[in-house]
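Trainee: Could you walk me through this model before I set anything up? I'd like to start with how its parts meet.

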Amino acid sequence: MRIVLGVTGGIAAYKAAELARALIQNGHQVQAVLTAGAEEFIRPLTFATLTGQKVITGIFSSASPEATLASSVEHIGVAAEHELLLVAPATANAIAKFAHGLADDFLSTLYLAFPGRVVIAPAMNNNMWEHQATRANLEILRRRGHLIVDPDDGFLACGTYGPGRLADIAKILAAVQGNNRDFAGETVLITAGPTQEPIDPVRYISNRSSGKMGYALAEAALARGARVILVSGPVSIDPPAGAEMVRVRTAQQMRDAVFAHLDLSTVIIKCAAVADFRPTSEAKEKIKKTSARIALELDPTPDILAELGRKRGDRLLIGFAAETGNLREEARRKLESKKCDMIVANLVGGPDSGFESDQNEVLLALRNGEFIEIPKMTKREVADEILTHAIELKSGAALEQSSK
Ligand code: PMT
């Protein structure tokens, strides 16, 4: 790919040199563009040496001749010649300029002229990252279809700890290299992981879901160009770069988060293992150990998938079924009773599929009565199979709609 690497002025600018080298090693051509702020942190010559190309530093040809190609219309030519604009690190200031269309240097002018795919990897102080202004600006960029590779948590140069550290090079690379863009324009709402239903301040009811299947779906959808909102129960795995995370604990919180994001979404995948029951009441104090038998009274939790089935409109709705037998019958029953387009049924209880495992083997039940068996493969590969059948269903539905 022909990539423009925009580097803006933050301490993480030095990591952009490593990123440039990784892009080159993966076969891409890289044109580096440095803002004036970036030049305070790293010299253009570093990028010129790594990329074998002159580096663009200013909108007018004024900077050092060995590193600069600038001319007053160059941004138009550079925009037309490149397929992807990657801005890493992107400061809060650069993000604000992109969001509001300010064009006062080469990079922000190039951004406005750029017709191709845009990937932005922010890095900044944690308070700046969490500021409402930054959140709102990022939301504007996401709505434009740009992929945001969220920063990692860590110790920051300013001495604080929190989100703001430039994402790992591998994550940025993965975000850049997604080739099949068949989910571009879709907003996929995915639920993943278990829920925890509190018994008292230290105990809860939950299940063995690790979040791996749901996170693999999020990763695959992002790689295929989707905007992904990932509503996740408590898990210990890292979220995929670019996913908009909504962290919840209980089934009720998951239900509320799903319906808060329903309007935005065009595809919904309910992979979470939602607890079916919760304690009727949560004890305020830790329940003391005694030798007497105690009974726990349970109430059913909200059935999120069933409610989605009633309120989905024309969104594509995919549910899961975790079963210990009768896969076909259960998948068909859930497909109909929850008004889904697809049920992904998997056998749970075995050692190397279903819960916790890195692999899965699933049966897809489709609304036209068809069953598709997906043999054992990694959860990431299963995720791609599910998405391929999902997008076929979606385009079939669009065709039906247009022929009416
Ligand atoms: O997270 P991993 O370790 O990778 O494991 C993956 C998985 C086994 C959790 C996953 O593949 C899976 O099967 N997820 C669905 C688990 C489940 O709750 O299945 P179910 O048959 O009990 O529920 C059917 C459907 O209703 C599911 O889409 C579920 O999200 C939904 N549901 C269930 C209960 C409830 N109160 N509300 C719901 O929306």
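Trainee: How much area is buried between domain 1 and domain 2?

Mentor: In this predicted model, about 700 Å² is buried between domain 1 and domain 2, and carbon and sulfur atoms give 53% of that area. Buried area here is the accessible area, taken with a 1.4 Å probe, that two parts lose on being put together, summed over both. On the side of domain 1, Arg142, Leu147 and Lys171 supply 50% of the area buried against domain 2, more than any other three residues.

Trainee: Where are the bounds of the two domains?

Mentor: Domain 1 covers 2-178 and domain 2 covers 187-403, with bounds that come from an automatic or database domain assignment. Their C-alpha centres lie 35 Å apart, and nine residues of domain 1 are in contact with nine residues of domain 2, where contact means heavy atoms within 4.5 Å.

Trainee: Any numbering or confidence caveats?

Mentor: Residues are numbered from 1 along each chain as its sequence is written, and side-chain values use heavy atoms, with hydrogens and water left out. Because this is a predicted model, local features need pLDDT of at least 70 and side-chain atom pairs count only at pLDDT 80 or more, while totals for chains, interfaces and linings use all residues.

Trainee: Back to the interface, then: how many salt bridges and polar contacts cross it?

Mentor: The rule finds two salt bridges across the interface of domain 1 and domain 2, a salt bridge being a side-chain nitrogen of Lys or Arg within 4 Å of a carboxyl oxygen of Asp or Glu. It also finds three residue pairs in polar contact there, both residues at pLDDT 80 or more; a polar contact is a pair of N or O atoms within 3.5 Å, and within protein one must be able to donate a hydrogen and the other to accept it, with residues adjacent in sequence counting only if both atoms are side-chain atoms.

Trainee: Which elements of domain 1 touch domain 2?

Mentor: Helix H8 (132-143) and strand E5 (147-148) are the elements that give two or more residues to that side, and H8 gives the most, with three residues. Helices (H or I, at least four residues) and strands (E, at least two) are DSSP runs, numbered from the N terminus.

Trainee: Switching to the ligand, which residues come nearest?

Mentor: There are 30 residues around the ligand, and Ser209, Ser210, Lys334, Asn346 and Glu356 come nearest; a residue counts as near if one of its heavy atoms lies within 4 Å. A polar side-chain atom of Ser210 lies 2.6 Å from an oxygen atom of the ligand.
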